[in-house]
Amino acid sequence: MPRPVSLVFFTMSAAVVGRLSSLLCQLIVGYYLTDTQIGAFAFALGVTGITGLLRGGGDTQEFLSMRPEAFAMHASRIFWWGAIFWITGAVLTGVMAALSETLSQRWSIFGTPELSACLWMLGLRQFLTPFAQVFRMSLGADLRFGFLSKVDTATALVRILVTVIAARMGLGAMALAGPLVIQVFIEIVLCAPVARLSRSNFRWVGLSFVQTAKQMRWPLVVSVLSMVNTQLGFLVAGLVASISSLGLFYFAFQLANAPRLLVVQSVQSITGPLVARSREDTQAGLGLVKAIYRAAFLFFPLITGSTAAFFPLFNQLIWAGRWGLAIESVAVLSVGFTFMGIMGIMIGSLTGLRRFRRVAGIEFVRSCGLMVGIFIGGFFGEANQQYGWLPGSTVTWMSVGTSLGMTLTCGFLLWKIGREIGFLRSEVLAIMFLGPMLGVLIATAALAIIASVKDSAAGIDSTVVNLAALCLGLPAYCLIFVLVARFHAESTVIDALELLPMRPRQFLESLLGLQSR
């Protein structure tokens, strides 16, 4: 049987491939689509935040916390429980698509071109999701992580290819919505024959519907609040700001959020199962959670800092400066997503402990901070455009409000978690202060190197200068990152490397001059 860390590594690799494809698609649409077209897709996502509010009824959280031996006994019931909510959401999304012209008489944003088509596509994706999910979970229960990583790679490549074709053909917002449906469909086609589920695997067995509802009440709440945190904000933003401002905000939001999407869900696929394996040993479980807490605060700010530092360069190199209005927003949002991302990593640990009620409380506070921040920032930004109180665009002020909402709420929650898992107040302060400050300092150092290169190359072609700045700034950032991790957090680095398969772990330990415990 494969080693558990090897299986975890396959899971993490698959998640990374999927998130990288999302990021690459974002880069592609940034080149071909306008802010209004991106805004149409963003608002469609926001609408599904209402129509699909119940998402899968918490089926994802339940599947993630389910041990392999329990899958055969409970999977069919959880599948149907989730399918009820997914399909209901799909129907409601279709209704909203059909009524978009009527709704435009009351809210002009519903008359945005391509909005209706995006809603139809997202509704179809909702319909297909429970089938894709149960096939994936079946293969995961059989420890077929290697095959799943190949599936994720294949679907990611297809998504990128379809996005390029659709964008070049001038399909606008459909270049964002269409590939999502095709990706899920191909996943079903590839996984279904290998999973080999029979009719008996789709029969509701075990607890009654009412009993299941009682069991799933907290996963359901977590699922609802997760939807609020990921999609509903774009509905709020679309109702308080123009469609072009929404498109610009969505673009900046997704880029600033890229490290969280790339890292957090991958890490959750590791920390959830690992904590679940040790949850019956209280001391071992607590020690693991404390190690995750320290590692998250050290490494994640260093990753998000790179987004703020290098986005201006990529904006020039990839999009010829067309997204310059998003530079301030990306930098501001990166601060909020630092704390949001660390909170997400800790949620993975709490899910592994099956503390769904605690996770629900965290998601509620996070969602309140995010929604209030977006609303106040957008409302103030629109008013500021009319009366000229302060400098800054609507998108910038919406980003400031969003970032403040995420930082304050997640910072407070992370403080409480640190105290609850046994850290002293001084220890929590040190942990919460060190990582973010290092992230700011390293990003500042990279920006100084980039500025120095540009100043010393006056009169040279701008593309050449930007490439030179990137070639010097990025390695410098990575080098400082490695040196900080190696000499200021040796024990934390060793704990993180323990999650990797033996060969990569030994290579990195040798490279960094570390000795495993």
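Which residue's side chain does the side chain of T48 join in a polar contact? I found Q231, at 2.7 Å. I took a polar contact as a pair of N or O atoms within 3.5 Å; within protein, one must be able to donate a hydrogen and the other to accept it, and residues adjacent in sequence count only if both atoms are side-chain atoms.

Ground rules next. This is a predicted model, where local features need pLDDT of at least 70 and side-chain atom pairs count only at pLDDT 80 or more, while totals for chains, interfaces and linings use all residues. Residues are numbered from 1 along each chain as its sequence is written, and side-chain values use heavy atoms, with hydrogens and water left out.

I stayed with T48. I placed T48 in helix α2, residues 35-51 (helices are DSSP runs of H or I, at least four residues, numbered from the N terminus). Is T48 buried or exposed? T48 is buried, because its relative accessibility is 4% (buried is under 20% relative accessible area, exposed over 50%, partly exposed in between, with a 1.4 Å probe and protein chains only). I then listed its contacts (heavy atoms within 4.5 Å). Setting aside neighbours within four places in sequence, T48 touches L53, T93, L122, Q126, M227 and Q231.

C25 is buried at 3% relative accessibility. C368 is partly exposed at 33%. My search of the whole structure for disulfides (cysteine sulfur atoms paired within 2.5 Å) gave zero.

Last, the whole chain. I noted 19 helices. Of the 517 residues in the protein chain, 52% are buried.

Definitions and conventions:
Helix = DSSP H or I, 4+ residues; strand = E, 2+ residues; numbered from the N terminus.
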